[in-house]
Amino acid sequence: MRTVQIGSDPIGAAEFARLMAGLGPFERRPRIAVAVSGGADSMSLILLCHRWASARGGEAIALSVDHRLRPESAAEVNEVRRWLAAHAIPHHRLVWRHPGGRPASALQAEARSARYHLLTDWCRRQGVLHLALAHHAGDQAETVLMRLARGGGPDGLAGMSAIAERDGVRLIRPLLSVAPRRLLATLAAAGQRWIEDPSNRDPKFERVRWRRLISPELVPTLAAAASEIGEQRRRREGEVALLLAAARIDPAGFLEIPLAALRAAPAATMERALARCLIAIGGDPYPPSQASLARLADSLVNSGRSRTLGGCHVVRRDERLIICREAAAAAERRPAQTSHAIRWDRRFDLRPPGDGFIARLGQVGWDLLPPDKRGRPIPREAAASLPALWRRGQPVLPDFGHSQGRAIALFRPAQPLAASAFTVAKLNVNII
């Protein structure tokens, strides 16, 4: 932990109000959750959001995720709680409990996924509409270079959107146009300390390696490029949304779209539309590679062969595509002895009754179900990935979208079919 004197200007109340105005509208007395790790970026953001919300009769609520990846993580969360108590800012600790053990690989990706799940779940349960994240111009520059190095398409090079939706919660990034040194200046002006996470300096993580290569002078150039590309992405997403209006999402968690609508669209628009379908049905937060999407589109439209991609099974039937969850990817198994809803496979909210467990129906379960217990007609490929209540080796399908006395399953994808319009963070002349 340290306190420094910094030469850059701190962010004032009027400037932050302008940044927030571009992310609205907000309710009359806004309640906003802020993800606070205790680092300089998030500590700056919670202080700014607290001042902004209080001036409008609302409140900012700090949420800290204890990943339990380092022995000192619990003590750091408690330190953040004490700091924020001095500002009368409410604070909640959310714990990642590692039910399956600590991840052996892709640690940062797993931690990020767990963090978003805990944060958005808290917001939904508490009725908080907005979750503020402290990504700044430096993070945006790193994101652009990382995606460029991976051969990302033009949408990826737009960087992060200032507004996004995840699991029914609005994610907002007020600081995307702000350089990190100004956040340090904001903390210095407030006399506020912060926590240094050693993982932010560990070169085994890709983002840290890129951070070391980017000079502060390069940050505004990369952020400006992302802003310009973001404007183009916004236009393209509007075209994709029009195409996706032809699709139909079934309550049983699969999607149908006419081939004629896809054929009538430019190839790039069709590939982006397929990417949105895969994200919504498969549940992955990011789309497959551009090359994979191009191969999928060519295969489906020209040869008609079924394919798997992005955790989905894509089938051509007559003149329509059916996109459903790949059964092998829906591997989650959950006990059914609970009084509250179960979030299963990042797709379904279930209210299971009594004993047994929840797992995919699979081909075995489909064969065990008598025809009169299969409900309304569902494509076989889609049925295999459905959640089923298993008791004594026998499956029972829940009702999808309505209840007739049995368990009920509501399809609620983590990502919507049509993305909310990409929002560009307008650059400020004081970025450095």
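# Note on strand pairing, ring contacts and backbone exceptions

1. Asp 345 has its place in the loop between β13 and β14; helices (H or I, at least four residues) and strands (E, at least two) are DSSP runs, numbered from the N terminus. The model is predicted: local features need pLDDT of at least 70, side-chain atom pairs count only at pLDDT 80 or more, and totals for chains, interfaces and linings use all residues. Residues are numbered from 1 along each chain as its sequence is written, and side-chain values use heavy atoms, with hydrogens and water left out.

2. Asp 345 has a positive phi of about 60°, although it is not a glycine. At 6% relative accessibility, Asp 345 counts as buried (under 20% relative accessible area, with exposed over 50% and partly exposed in between; 1.4 Å probe, protein chains only). Most residues other than glycine have a negative phi, and most peptide bonds are trans.

3. A further backbone exception concerns a proline. The peptide bond from Gly 24 to Pro 25 is cis, with omega near 5°. Pro 25 belongs to the loop between α1 and β1.

4. Which strands make up the open sheet with antiparallel pairing? This sheet has 5 strands in the order β7-β8-β11-β10-β9. Its edge strands are β7 (248-249) and β9 (307-309), and each pairs on one side only. β9 runs antiparallel to β10 (residues 312-317), the two being joined by 3 bridges, and Thr 308 stands opposite His 313 in β10. Helix α10 (residues 267-282) packs on the sheet and touches β8 (255-258), β9, β10 and β11 (320-325) (contact means heavy atoms within 4.5 Å). The direction of α10 makes about 35° with that of β11; axes are lines fitted to C-alpha atoms, for helices over the stretch in contact, and angles run from 0 to 180 degrees between N-to-C directions.

5. How many aromatic pairs does a search of the whole structure find? The search finds 3 (rings of Phe, Tyr and Trp, its six-membered ring, with centres within 6.5 Å; planes under 30 degrees apart count as stacked, over 60 as edge-to-face and the rest as tilted). One of them joins Phe 26 and Trp 52 edge-to-face, at 5.0 Å centre to centre and 70° between the planes. Because Phe 26 lies in the loop between α1 (13-21) and β1 (31-35) and Trp 52 in helix α2 (residues 40-54), the pair ties together parts that are 26 residues apart in sequence. Trp 52 is buried, with a relative accessible area of 7%.

6. The pair of Phe 348 and Phe 411 is tilted, with 5.4 Å centre to centre and 55° between the planes. It links distant parts of the chain, 63 residues apart: Phe 348 in strand β14 and Phe 411 in strand β19 (residues 408-411). Phe 348 is buried at 0% relative accessibility, and Phe 411 is buried with a relative accessible area of 16%. Phe 348, Phe 400 and Phe 411 form one aromatic cluster.

7. Arginine side chains also meet aromatic rings. Arg 170 lies over the face of Phe 26, at 5.8 Å from the ring centre (a charge sits over a ring if NZ of Lys or CZ of Arg is within 6 Å of the ring centre and within 35 degrees of the ring normal). The charged end of Arg 333 sits over the ring of Phe 357, 3.5 Å from its centre.

8. The count of disulfides is 0 (pairs of cysteine sulfur atoms within 2.5 Å). Cys 277 is in no disulfide, and the nearest cysteine sulfur, that of Cys 312, is 8.8 Å away. Cys 277 is buried, with a relative accessible area of 1%, and Cys 49 is buried at 0% relative accessibility.

9. Gly 230 lies in helix α8 (residues 219-244). It is buried, at 0% relative accessibility. The C-alpha atoms of Gly 230 and Pro 154 are separated by 8.8 Å, although the two residues are 76 residues apart along the chain.

Note on methods:
Two strands pair if DSSP finds at least two bridges between them.
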